[in-house]
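Colleague: I would like to learn how to read a model like this one, feature by feature. Could we take the general idea first each time, and then the case at hand?

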Amino acid sequence: MNSVLIRNIKSLVGIRDANVKMVRGAEMKILPSIDNAYLLIENGRIKAFGKNSAAPERADETINAAGKMVLPAWCDSHTHIVYAGSRESEFADKINGLTYEEIAKRGGGILNSAKLLNETKEEKLFDAAWERLEEMRSYGTGAVEIKSGYGLSVAGELKMLRVIKKLKEKSPLTIKATFLGAHAYPLAFKHNHSGYLNLLIEEMLPKIAKEGLADFIDVFCEKDYFSTDETKRILEAGAKFGLRAKVHVNQFNVLGGVKICTQQNALSVDHLEHISVDDIKALNNSETMPVALPACSLFLKIPYTPARKIIDAGLPLALATDFNPGSSPSGNMNLVNSLACINLSMTPEEVINASTLNGAYAMNVEDELGSITIGKNANLLITKPVSSLTMLPYSFGSNLVEQVII
Ligand code: NIG
Ligand code: FE
């Protein structure tokens, strides 16, 4: 048995009963915590916590957290961290006035990353993704969802998913894999969309399922990418293999994809920079988690997800980085949290709920992670000495996370 005791915690934040799977609406402003607390970890799990005065005498290891706060580690439920190369030249294009759509039309964007990825060896992809993952851990992230979607070929998609599988095996972080073969139509199928859909559904999906390479399925449901009908077809095909949906939807246009996702009982709908009254209605009668990606809005200079509209309608909301080379080259959840306070008008408490328990829900790990709950995995972050919780999002651009326990 191995035990770790964290003592003298200024505030132990995010305490929840095991039956609380996510928080929605007005509840999101509430973040239960204990001041002057202790927390005991045994064999990697949260064994006990409470007032510091009731702390056990000793443990194998003791951490003094005087002046510091302890939170559940961030759960980043939307990333694309397996990629080759970078796209900083498109960053310069954007500064010179081109939009994301214009860059994509010139053969840049996702297709640019797909070309590079197909040329890159699996080992090299693994090493680069590993470095990104380690950097994310240093920012306080303890769980990461990773998508494929830069292969867009049978070999390329399998290669990406095998890299993610290896990351799962080697990293102590909790990782979930999402098949995003429907990220864009590859050049070879530019004028043969049904050919690509058949390839995706009849060849890629069965192979991926056979090797157990994916936990979820995703589609970029958007004008010039995948239509709502195509999205429905792909999600239905994924469901046959037991893959629940997590979908890129409403980034640039409201096409009706949200309703299709809720009808498919999607786990999450992500982006939502634009959202209609009908979308909110569909979400209100569903178990689908809306996910906002404010770092993508910052980087692409597109509208921010209207979080207030979503939360004030009684819905839950999760936050994620969308770490990828094109629209959000950052895996820093602390920055995401600051952006959510500044640009989504979310309170620090709402933000922390969105980045912990609701993020865990959006990747289906809420029974193991996302809150301070007896029996859950002890994926925790310890802050530097801080005067209050608000210091975390307030100090935008800084990393106030001092230690991460996985
Ligand atoms: O979530 N919108 C689609 N996919 C990514 C961007 C991918 C890329 O540009 O490489 C996103 O923003
Ligand atoms: Fe994305």
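Colleague: By about how much of a helix are E119 and K115 separated in α3?

Modeller: The general idea is that an α-helix has 3.6 residues a turn, so residues three or four places apart point the same way. Here, in a model that is predicted, E119 and K115 are four residues apart in helix α3 (residues 109-119), so about one helical turn separates them. The two form a salt bridge in which the closest N and O atoms are 3.2 Å apart. E119 and K115 are both exposed.

Colleague: How many salt bridges does a search of the whole structure find?

Modeller: Side chains of opposite charge can pair when their charged atoms come close. The search of the whole structure gives 19 salt bridges.

Colleague: Which residues are linked in a network of salt bridges?

Modeller: The network links K29, R308, D312 and E350. E350 is also one of the buried residues of α13.

Colleague: How many residues of helix α13 are buried?

Modeller: Seven of the eight residues of helix α13 (residues 348-355) are buried, so the helix is largely enclosed by the rest of the structure. The buried residues are P348, E350, V351, I352, N353, A354 and S355.

Colleague: Which residues gather in a patch of negative charge on the surface?

Modeller: The patch consists of E123, D127, E131 and E135. E135 sits in helix α4 (residues 122-138). The relative accessibility of E135 is 38%, so this residue counts as partly exposed.

Colleague: Now the metal. Which residues coordinate the iron ion (ligand 2)?

Modeller: For the general idea, ideal angles at a metal are 109.5 degrees for four tetrahedral donors, and 90 or 180 degrees for six octahedral ones. The iron ion (ligand 2) is coordinated by NE2 of H78, H80 and H248 and by OD of D322, at 2.1 to 2.2 Å. Along the chain, the donors follow the spacing H-x1-H-x167-H-x73-D.

Colleague: Where in the chain are H80 and D322?

Modeller: H80 is in the loop between β6 (74-76) and α1 (88-95), and D322 is in the loop between β13 (318-319) and α12 (333-343). The pair links distant parts of the chain, 242 residues apart. Both H80 and D322 are buried.

Colleague: What separates the C-alpha atoms of Y100 and K301?

Modeller: Y100 and K301 are 201 residues apart along the chain, and their C-alpha atoms are separated by 9.6 Å. Y100 is in helix α2 (residues 100-105) and is buried, with a relative accessible area of 14%. As another case, L173 and T373 are 200 residues apart along the chain, with 18 Å between their C-alpha atoms. L173 lies in the loop between α5 (154-170) and β8 (174-182), and its relative accessible area of 4% makes it buried.

Colleague: Last, the backbone. What is phi of N43 near?

Modeller: Phi of N43 is near 50 degrees, a positive value in a residue other than glycine. N43 is in the loop between β2 (33-42) and β3 (45-51) and is exposed, with a relative accessible area of 53%. N265 has a positive phi too, of about 55 degrees, although N265 is not a glycine. N265 lies in the loop between α8 (257-263) and β11 (268-271). With a relative accessible area of 34%, N265 is partly exposed.

Terms used
Residues are numbered from 1 along each chain as its sequence is written. Chains are lettered from A and ligands numbered from 1 in the order in which they are written. This is a predicted model: local features need pLDDT of at least 70, side-chain atom pairs count only at pLDDT 80 or more; totals for chains, interfaces and linings use all residues. Side-chain values use heavy atoms; hydrogens and water are left out. Patches are made of residues with over 30% relative accessible area and no salt bridge: like charges are joined within 9 Å, nonpolar side chains (Val, Leu, Ile, Met, Phe, Trp, Tyr) within 5 Å. Accessible areas come from the Shrake-Rupley method with a 1.4 Å probe; for residues, only the protein chains shown count as cover. A salt bridge is a side-chain nitrogen of Lys or Arg within 4 Å of a carboxyl oxygen of Asp or Glu. Lys and Arg count as positive and Asp and Glu as negative; His and the chain ends are not counted. The place of a charge is taken as NZ of Lys, CZ of Arg, CG of Asp or CD of Glu. Helices (H or I, at least four residues) and strands (E, at least two) are DSSP runs, numbered from the N terminus. Buried means under 20% relative accessible area, exposed over 50%, partly exposed in between (1.4 Å probe, protein chains only). Donors are N, O and S atoms within 2.8 Å of the metal (3.2 Å for Na, K and Ca); water is not among the atoms, so sites may look incomplete.
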